[in-house]
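Colleague: I have a model open here and would like to go through it with you. Could you take my questions as they come?

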Amino acid sequence: YLLSESIVAKTALAHIRLATIGNVEYENCHPFVGTDNSGRSWTLIHNGTVFENDRLNKYVFLQKGETDSERILLYILESINEASAKLGRPLNAEERFQILDGIVNSSSPKNKLNLLIDDGELLYAHTNFRDSLYLRKDSFGTTFSTQPLSETDWQPAPFMTLTGWREGKLVFTGAQHQNEYFFNADSYKPLYMAYSGL
């Protein structure tokens, strides 16, 4: 599509999907967007695969598409809503970050979690797959990409650690976990068989 006007935004997320869970259909395309009970809009893109996480199973019947990525967003929204209800107020940025840090750390064993999530105030970034998320800081802010987009100034994003960014500046760093994901072709076979109808 051609744009008739320029896009002006503090945060922009773009994703090209390689389907591992869920068919190639519009409902399975990133980004996934949802709103928590306080009215805060959340946007998620995920360059990864969740092989094991029982906490996500119940969202299979609530999601619009078929992807593990959409289930992650639904899990985040429910966790934010539960914490907010318990406190009787919307969560502040640090509280939201702590909840996402817990979700990422508990969901990362055996799973590839390359995530960028925006909540309108913070951009959350995480990778546990080596050499698959980079960042570049310049006068315009901070750019994340799965591959360096130019010859200079790119560095690996923080590894196995959730980070929170506000207007291009690092403001929160989570607890480092030790759940590095290593590619294993055999782990994808059950997924391909399930979606090929075999």
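Colleague: How much of the chain is buried?

Modeller: Bearing in mind that this is a predicted model, buried residues make up 43% of the 198 residues in the chain. The accessible surface comes to about 11,800 Å², and 53% of that surface belongs to carbon and sulfur atoms.

Colleague: And what secondary structure does the chain have?

Modeller: There are three helices and nine strands, and from the N terminus on the elements run β-β-α-α-β-β-β-β-β-β-β-α. Among the contacts with a separation of 6 or more, 56% are between residues 24 or more positions apart.

Colleague: What's the strand order in the open sheet of six strands?

Modeller: The order is β1-β2-β3-β4-β8-β9, and the pairing is antiparallel. β1 (32-35) and β9 (169-173) stand at the edges with a single partner strand each, so one side of each has no neighbour in the sheet. On average, and with direction ignored, neighbouring strands of this sheet are turned by 25° against each other.

Colleague: Which residues of β1 are on its covered face, and which on the uncovered one?

Modeller: Phe32 and Gly34 belong to the covered face of β1, whereas Val33 and Thr35 belong to the uncovered face.

Colleague: Which strands does helix α1 lie across?

Modeller: Helix α1, residues 68-87, lies across β1, β2 (41-46) and β3 (115-118), and runs at about 145° to β2.

Colleague: What about its length, and what follows it?

Modeller: From its first C-alpha to its last, α1 reaches 29 Å, which is close to the 28 Å expected at 1.5 Å a residue. The helix is followed by Gly88, whose phi is positive, near 75°.

Colleague: Now Thr142, where does it sit and what does it touch?

Modeller: Thr142 lies in strand β6, residues 141-145. Leaving aside its neighbours within four places in sequence, Thr142 is in contact with Leu135, Arg136, Lys137, Trp165 and Gly168.

Colleague: Last one, is Gln176 buried or exposed?

Modeller: Gln176, which is found in the loop between β9 and α3 (185-196), has a relative accessible area of 52%, and since the cut-off for exposed is over 50%, Gln176 counts as exposed.

Colleague: Which residues does it touch, then?

Modeller: Not counting residues up to four places away in sequence, Gln176 touches Phe159, Met160 and Thr161. A polar atom of the Gln176 side chain lies 3.3 Å from the backbone oxygen of Phe159, and the C-alpha atoms of these two residues, which are 17 residues apart along the chain, are separated by 8.0 Å.

Definitions and conventions: Residues are numbered from 1 along each chain as its sequence is written. This is a predicted model: local features need pLDDT of at least 70, side-chain atom pairs count only at pLDDT 80 or more; totals for chains, interfaces and linings use all residues. Side-chain values use heavy atoms; hydrogens and water are left out. Two strands pair if DSSP finds at least two bridges between them. Helices (H or I, at least four residues) and strands (E, at least two) are DSSP runs, numbered from the N terminus. Axes are lines fitted to C-alpha atoms, for helices over the stretch in contact, and angles run from 0 to 180 degrees between N-to-C directions. Contact means heavy atoms within 4.5 Å. The expected span of a helix is 1.5 Å times one less than its number of residues. Buried means under 20% relative accessible area, exposed over 50%, partly exposed in between (1.4 Å probe, protein chains only). Accessible areas come from the Shrake-Rupley method with a 1.4 Å probe; for residues, only the protein chains shown count as cover. A polar contact is a pair of N or O atoms within 3.5 Å; within protein, one must be able to donate a hydrogen and the other to accept it, and residues adjacent in sequence count only if both atoms are side-chain atoms.
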